[in-house]
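Subject: Structure handover

Hello,

Here is the structure we talked about. Please open it first, then read my notes below.

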Amino acid sequence: MTSAADTEPGAVMRFWFEETSPRQWFGKDPAFDQRVRERFSDLTRAAIAAELPAWHGSASSALALVLLLDQFPRQIWRDTALAYAGDGPALALSLRAVRQGWLESDPDPAHRQFWLMPQMHAEDLAIQDAALPLFEAFTDPRITEFARRHRDVIARFGRFPHRNAALGRCSSATELTFLQTPGSGF
């Protein structure tokens, strides 16, 4: 259940960066997904519906909004089209963070990683290409390599084939073969 305290940017930031571990951020764990769903599904829906305009005002609240738009839907609605419903606004905030210097001025490597994550998730080669130097400058080599792998998939297919089923897109024979390879689904 969402509590009133969980509707503030600070609660989102504390949950993601203090109450959870990096292992939880990227793993497929139904219990963790349920935890995010119970605490933040209403707030995530509000973010996707553009009902949190005040959160755009500062770097810390905007990063909380990026998490609501880019990361939380992937836990709450895993393997459905709704998992990607916040990608457009999250990307816009990520690009704004770069333009306004929020990325560069944030000393926390984990924060920087999540500022850039919407660019890694973009199905747009130009954005992927522009993001790689940012990943190199502001994240660690492991995250940069992950970003490079995402970019290479977009360069090859123009989209992420692992999203096709959820988004109702037909997969090509080449994509189906690719999806059989380990690590193809991120």
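In which helix is Trp16 found? Trp16 is found in helix α1. Helices here are DSSP runs of H or I with at least four residues, strands are runs of E with at least two, and both are numbered from the N terminus.

Before the rest, a word on the source. This is a predicted model, so local features need pLDDT of at least 70 and side-chain atom pairs count only at pLDDT 80 or more, while totals for chains, interfaces and linings use all residues. Residues are numbered from 1 along each chain as its sequence is written, and side-chain values use heavy atoms, with hydrogens and water left out.

Trp16 and its surroundings

Trp16 is buried, at a relative accessible area of 0%. Buried means under 20% relative accessible area, exposed means over 50%, and partly exposed is in between, with a 1.4 Å probe and protein chains only. Leaving out residues up to four places away in sequence, Trp16 touches Trp25, Phe32, Leu67, Gln71, Phe72, Gln75 and Phe114. A contact is a pair of heavy atoms within 4.5 Å. Asp129 is another matter: its C-alpha is 27 Å from that of Trp16, and the two are 113 residues apart in sequence.

The cores

The largest nonpolar core has 43 residues. Val12, Trp16, Phe17, Leu68 and Phe72 have the most contacts inside it. Such a core is a set of buried Ala, Val, Leu, Ile, Met, Phe, Trp, Tyr and Cys residues, joined through side-chain atoms within 4.5 Å. Two or more residues each come from α1 (9-19), α3 (30-48), α4 (59-76), α5 (87-99), α6 (102-105), α7 (109-120), α8 (125-138) and α9. The largest share, ten residues, comes from α4. Val12 is in contact with Phe40, Leu43, Trp55, Ala64, Leu67, Leu68 and Phe72, its neighbours within four places in sequence set aside.

Aromatic pairs

The whole structure holds 15 aromatic pairs. Rings of Phe, Tyr and Trp (its six-membered ring) pair if their centres lie within 6.5 Å; planes under 30 degrees apart are stacked, over 60 edge-to-face, and the rest tilted. Trp16 and Phe32 make a tilted pair, 6.1 Å centre to centre with 40° between the planes. Trp16 lies in helix α1 and Phe32 in helix α3, so this pair ties together parts 16 residues apart in sequence. Phe32 is buried at 2% relative accessible area.

Phe17 and Phe114 pair edge-to-face, because their ring centres are 5.9 Å apart and their planes are at 70°. Phe17 sits in helix α1 and Phe114 in helix α7, 97 residues apart, and the pair links these distant parts of the chain. Phe17 and Phe114 are both buried. Ring pairs also join Phe15, Trp16, Phe17, Trp25, Phe26, Phe32, Phe40, Phe72 and Phe114 into a cluster.

The largest pocket

How much space lies in the largest pocket? About 590 Å³. On a 1 Å grid over the protein atoms alone, a pocket is an open set of points where a 1.4 Å probe fits, with protein on both sides within 12 Å along at least five of seven lines; lining residues have an atom within 4 Å of a point. Grid points are joined across faces, edges and corners, and the volume is the space filled by probe spheres set on the points. The lining has 27 residues, and Lys28, Arg74, Arg78, Gly185 and Phe186 are the closest to the pocket's centre. α2 (22-26), α4, α7, α9 and α10 (164-167) each supply at least two lining residues. The largest share, five residues, comes from α9.

Two loop residues

Most residues other than glycine have a negative phi. Ala50 has a positive phi, near 60°. Ala50 is in the loop between α3 and α4, and it is exposed at 62% relative accessibility. Asp79 also has a positive phi, of about 65°. Asp79 is in the loop between α4 and α5, and it is exposed at 61%.

Thr144 and Pro133

Thr144 lies in helix α9 (residues 141-157). Thr144 is buried, at 5% relative accessible area. Pro133 lies in helix α8 and is partly exposed, at 45%.

Best wishes
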